[in-house]
Structures are given as C-alpha cells and as structure tokens.
Amino acid sequence: MRGYHDVGGLSLGPIDKDQHDYALWEKRVDAMLVLLANKGLITTDELRLGIETLGADVYERLGYYERWIASITRALVDRGVITTDELGRRMADVGRRAQEPS
Amino acid sequence: MTPRFKPGDAVTVRRAYPPGHIRTPHYIRGKSGVVERICGSFANPEELAYGRNGLPAQPLYRVRFTQGQVWPDYTGTAGDSLDIEIYEHWIEPASGATDAR
Amino acid sequence: MHDDHSHPHEHHPDHDGPLSDYQLMEMAVRELLIEKRILTADEIRRAVEAMDARSPAIGARVVARAWVDPAYKSRLLTAGTAACQELGIEMSSVKLVVVENTAQVHNLVVCTLCSCYPRMLLGLPPDWYKSRAYRARAVREPRAVLREFGTEIADDVTVRVHDSTADMRYLVLPLRPAGTEGWTEERLAGLVTRDSMVGVSVPRV
C-alpha cells in the first residue's frame with residue numbers, strides 16, 4: 001500500500017516554477033490551522049491524515065489550501081467542535097450573502 | 001524511552017506497508033543506513049493523526065543512506081547520500097540476521 | 001497557462017471568480033469558530049499579519065551572521081533553534097537543523113510526504129517546493145533537479161538530500177561566495193536567496 005501523497009522516488013516530469021499569489025482566504029486557512037493546533041483542537045498529523053485520505057481524484061482536483069480546509073473541517077466535525085448541520089447551514093448562508101449585490 | 005540505537009549504528013528500515021498516517025516514506029522501507037544522530041523523543045504521529053496523544057514519546061533518529069543503495073539506477077556520485085528522520089519503531093539493527101518478529 | 005499537460009499540475013482556484021465550495025467552507029468555519037469563541041477575528045488577523053511579515057530576509061540574516069561570526073556559526077550548527085532565537089527570531093516550537101554547504105558537500109532539502117518547510121525563517125514555501133514533481137525527484141535524482149534550477153554540482157562534491165519526514169525543519173547554510181571579503185553583514189545578507197537556503201541554488205556575487 002502506498003499513499004497517494006507518498007511520492008518520493010516516483011518518475012514525475014519537469015518542475016513547474018510558476019508561483020501563484022496567496023489569497024487572503026488561503027492565508028486564513030493556514031492561520032486557523034496554526035491557531036487551532038496551538039489550542040490543542042487539531043494536530044498537524046490529523047490535518048495530514050485527512051489530506052492523505054482524500055483519494056487520488058479529489059487530491060488532484062483540489063488546490064493545496066482547498067485540501068487543507070477540507071481536512072481541517074473534517075477534523076473539527078470529527079471532534080464535535082462543529083456539527084455537519086451547522087456547517088451546511090452556514091455555508092449556504094455565506095453563499096447567499098456572497099450573491100447579494102454590494 | 002531510552003534510545004535503542006546510537007549514532008554510527010547500522011540499521012534497516014522495516015518492510016511493512018500498513019494503511020494510516022505513516023511518516024516513514026515508502027521508498028526507504030527495507031533499505032539500510034547508518035544512524036547519524038538522535039533527534040530527541042517525540043509523540044507518535046501515527047497516533048496523533050487520530051486525535052490520540054501518541055505517548056509515550058519515542059526516539060526519532062536521522063539515518064543516513066547512500067543513494068546508490070536506495071536507488072538501483074542512481075547516477076550521481078558514489079558518496080551522495082539521503083538523510084531521513086525515522087522513528088525507532090520503524091528500524092531494526094542491520095545485523096544481517098533475520099528479524100524474528 | 002501551462003503548455004505541458006503530460007503531468008498533472010497543481011490547481012489554483014481562480015481568486016477573481018465566484019466563490020468555490022472551499023472558499024465558502026473557509027468563511028463558514030471561520031465564522032462558526034469565532035461565534036463559538038474558539039478563535040477571535042483579531043487572532044486570525046494577527047496570525048495572517050505575522051505570516052505576511054515572514055520572508056527569506058529573516059533566514060538571510062542568520063546566514064550572514066554565521067558567515068561573519070565563526071562562534072555563532074558553530075552554535076547555529078549545533079543548536080539551530082536557539083541560535084535563531086539569539087537574533088530575536090520567533091521560532092515557536094520549531095526544531096531547526098542547519099546543514100552546512102562546504103567544498104565537499106552540497107545540501108538539498110525536501111519534504112516528500114507533504115511540504116514541511118522552515119516557515120519561521122523563510123515565510124511560506126513556493127509552489128514548486130510543494131509540487132509532486134519536486135518531492136518525487138529531489139530524493140531520487142537531486143543533481144538533475146539542481147540542474148533544472150540552473151545549479152551544477154561537481155562530481156567530487158557530495159550531494160546530500162534531507163527529507164523532512166518528521167519533527168525537524170531544515171535550513172541550508174550556503175557557502176559564502178568568494179570575493180566578499182570585508183562585506184558588511186547587511187550586504188552579505190542581500191546575497192542570500194530563499195532558493196539557496198533550500199539548496200536548489202547557490203548565492204552569487
């Protein structure tokens with residue numbers, strides 16, 4: 001068995017040196033992970049396990065911080081910090097607010 | 001935990017391929033190298049990944065491998081090496097004797 | 001944007017387009033955590049600001065100090081975290097190992113399993129460091145990878161790759177270039193690039 005993330009030694013192609021600008025939401029994901037870990041509400045290894053078990057297809061489709069937020073969210077629900085219901089309602093609410101003309 | 005190994009010891013990485021959160025890369029399993037330093041003792045990430053505390057902390061080693069022994073087709077210089085941090089439960093003495101466990 | 005589709009490349013969400021599910025997720029999670037008083041908006045803002053304040057200039061200062069002060073260099077190589085803290089650098093719980101380039105050894109750092117990186121000294125890692133291609137190939141064909149970054153290492157120099165698989169973080173102490181005798185620390189620090197502290201390149205005058 002070999003995790004999809006466990007890539008050391010695989011024959012992959014040229015290294016893409018393009019650099020994207022970090023968006024605020026990405027930095028916030030990173031910040032939340034650090035803050036939550038400092039408060040003992042998640043460990044870096046929980047974050048990593050969540051990413052490692054996304055499955056190759058999802059892993060490939062998602063960007064780096066999309067994988068992070070998917071994993072952090074899962075860990076928080078797993079630990080009962082937030083519920084699936086709360087999350088679903090709030091995501092819908094945020095989505096509606098984002099559509100409103102500003 | 002008292003470290004089982006010390007710098008200079010020849011060790012072999014266990015050939016085991018469990019699922020779960022493992023910090024011993026696939027490519028190094030079954031390979032032999034030399035302990036370069038003891039890094040200290042740390043909680044086991046395999047357990048931390050599931051929200052457990054990973055205690056007792058166990059020794060973590062940096063093990064140095066010769067590239068030519070890790071990759072059969074390595075084309076760099078003979079002295080090129082690869083240093084990896086490996087937890088104690090993943091290494092055994094590289095005595096050549098069969099591991100009874 | 002990428003002409004070569006022969007290998008999968010990292011997907012970056014379009015920041016100007018409609019919000020993706022994951023951006024909605026981030027907003028929802030953040031709001032919920034704030035409402036539940038688990039985090040505050042202020043804490044998050046300050047953490048982002050701290051992240052923005054970190055750049056390779058911090059690591060460059062450490063390197064320049066090691067170049068001019070042999071006793072500091074010795075402390076840095078023995079106990080990396082403490083030596084950085086000496087310079088007032090916030091290291092949190094990071095355990096830093098500094099590896100020295102010499103005339104005989106060139107060091108290269110990678111995290112094959114994820115993207116472990118000495119962020120306290122270099123800021124956020126570049127996308128290429130996190131890429132599957134770099135992580136796969138740096139351990140297996142480091143000299144070819146170095147060549148892709150324009151760095152050629154002679155055959156009589158050992159290339160030593162460090163895979164940060166566990167709790168240590170690594171910083172390469174590059175070799176001080178010739179022709180810099182008498183330079184101030186500040187001027188020396190200006191030579192030290194992020195790429196040279198990861199090990200894919202070397203500082204040049």
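Predicted model: local features only at pLDDT ≥ 70, side-chain atom pairs only at ≥ 80, totals over all residues.
**Entry 1: a helix in chain C**

I started with helix α3 (residues 56-68) of chain C: at 1.5 Å a residue its 13 residues should span 18 Å, and the end C-alpha atoms are 19 Å apart, which agrees. The expected span here is 1.5 Å times one less than the number of residues in the helix. Helices (H or I, at least four residues) and strands (E, at least two) are DSSP runs, numbered from the N terminus.

Residues are numbered from 1 along each chain as its sequence is written, while chains are lettered from A and ligands numbered from 1 in the order in which they are written.

Next I looked up burial in α3(C). I call a residue buried if 20 or more other C-beta atoms lie within 10 Å of its own, exposed if 12 or fewer, and partly exposed in between, with C-beta atoms placed from the backbone. The buried residues of α3(C) are C:I58, C:G59, C:A60, C:R61, C:V62, C:V63, C:A64, C:A66 and C:W67. They pack against α4 (70-78), α5 (80-86), α6 (119-122), β4 (168-173), α10 (185-189) and α11 (194-198) of chain C. Contact between two residues means that their C-beta atoms, placed from the backbone, lie within 7 Å.

**Entry 2: chain C overall**

I find 11 helices and 4 strands in chain C. Its C-alpha atoms fill a box of roughly 55 × 45 × 30 Å along the principal axes. Of its 205 residues, 46% are buried. Taking contacts in chain C between residues at least 6 apart in sequence, 67% join residues at least 24 apart.

**Entry 3: chain B overall**

Chain B has 2 helices and 5 strands, and along the sequence the pattern reads β-β-α-β-α-β-β. The radius of gyration of chain B is 14 Å, close to the 13 Å that the globule rule gives for 101 residues, so chain B is as compact as a globular protein of that length. That radius is taken over C-alpha atoms, and the rule is 2.2 Å times the number of residues to the power 0.38. The C-alpha trace of chain B spans about 45 × 25 × 25 Å along its principal axes. Buried residues come to 33% of the 101 in chain B. For contacts in chain B between residues at least 6 apart in sequence, 59% join residues at least 24 apart.

**Entry 4: a sheet across B and C**

I traced an open sheet of 7 strands in the order β5(B)-β1(B)-β2(B)-β3(B)-β4(B)-β3(C)-β2(C), with mixed pairing. At the edges stand β5 (91-93) of chain B and β2 (105-110) of chain C, each with a single partner strand, so one side of each is left without a neighbour in the sheet. The twist averages 35° from one strand to the next. Strands count as paired if DSSP finds at least two bridges between them.

Within chain B, strand β1 (residues 10-13) and strand β2 (residues 32-42) run antiparallel and are joined by 3 bridges. There B:T12 stands opposite B:S32, and B:A10 stands opposite B:V34. β2(B) also pairs with strand β3 (residues 58-66) of chain B, in the antiparallel sense over 7 bridges; B:F42 is opposite B:Q58 in β3(B).

Where do the chains join? Strand β4 (residues 81-87) of chain B and β3(C) run parallel, with 4 bridges between them. B:D83 has C:H162 as its bridge partner in β3(C).

I also checked α8(C), which lies across β4 of chain B together with β2 and β3 of chain C, running at about 150° to β2(C). For such angles, axes are lines fitted to C-alpha atoms, for helices over the stretch in contact, and angles run from 0 to 180 degrees between N-to-C directions.

**Entry 5: the interfaces of chain C**

Against chain B, 17 residues of chain C are in contact with 17 residues of chain B. On the chain C side, α8 (132-140), α9 (142-148) and β3 (158-163) each supply at least two residues, and β3(C) gives the most, with 6 residues.

Against chain A, the contact takes 50 residues from chain C and 48 residues from chain A. The largest share of the chain C side, 11 residues, comes from α1(C).

C:V48 touches A:K27, A:R28 and A:A31, not counting residues up to four places away in sequence. Is C:V48 buried or partly exposed? It is partly exposed, with 18 other C-beta atoms within 10 Å.
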